[in-house]
Amino acid sequence: MADRLDLAQEATAYQLSTALLCQRAIKVEEAKEGPIIVDGKILCVDCRKEIPVERLAAKPDAARCCPCQQRHHSQVEKSKRR
């Protein structure tokens, strides 16, 4: 039969496992949003076309070209309204 110490250890292990899984999920989501770099060219994560230099000059960490970013933003806004 489990005593208080056993229950506390189980609870702590569960909380730690849950926190680690959440942290990994966040990292996966962040990785999905990062730009794709092939042969020194930065490609859009959606259309896989090279992101124009002008876009990168304005937003160096851009993961999408302007048209794809606008589409993505519209989709995010629509999902927030639901």
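With which side chain does the side chain of Arg64 make a polar contact? In this predicted model, the partner is the side chain of His72, at 3.3 Å. Arg64 itself lies in the loop that separates helix H2 (53-58) from helix H3 (66-81). The points below place this contact in the context of the whole protein.

**Overall architecture**
- The protein contains three helices and two strands.
- Along the sequence, these elements follow the pattern α-β-β-α-α.
- Of the contacts between residues at least 6 apart in sequence, 14% join residues at least 24 apart.

**Surface and burial**
- The accessible surface of the protein amounts to about 7,000 Å², and carbon and sulfur atoms account for 57% of that area.

**Arg64**
- Arg64 is classed as buried because its relative accessible area is 6%, which falls under the 20% cut-off.
- The loop position of Arg64 is between helices H2 and H3, and the side chain of Arg64 is in polar contact with that of His72.

**Nonpolar core**
- The largest nonpolar core comprises six residues, namely Cys44, Ile51, Leu56, Ala62, Cys65 and Cys68.
- Leu56, one of these core residues, is in contact with Ile42, Ile51 and Ala62 when its neighbours within four places in sequence are left aside.
- Among those contact partners of Leu56, Ile51 and Ala62 are also listed in the largest nonpolar core.

Methods: Residues are numbered from 1 along each chain as its sequence is written. This is a predicted model: local features need pLDDT of at least 70, side-chain atom pairs count only at pLDDT 80 or more; totals for chains, interfaces and linings use all residues. Side-chain values use heavy atoms; hydrogens and water are left out. Helices (H or I, at least four residues) and strands (E, at least two) are DSSP runs, numbered from the N terminus. Buried means under 20% relative accessible area, exposed over 50%, partly exposed in between (1.4 Å probe, protein chains only). A polar contact is a pair of N or O atoms within 3.5 Å; within protein, one must be able to donate a hydrogen and the other to accept it, and residues adjacent in sequence count only if both atoms are side-chain atoms. Contact means heavy atoms within 4.5 Å. Accessible areas come from the Shrake-Rupley method with a 1.4 Å probe; for residues, only the protein chains shown count as cover. A nonpolar core is a set of buried Ala, Val, Leu, Ile, Met, Phe, Trp, Tyr and Cys residues joined through side-chain atoms within 4.5 Å.
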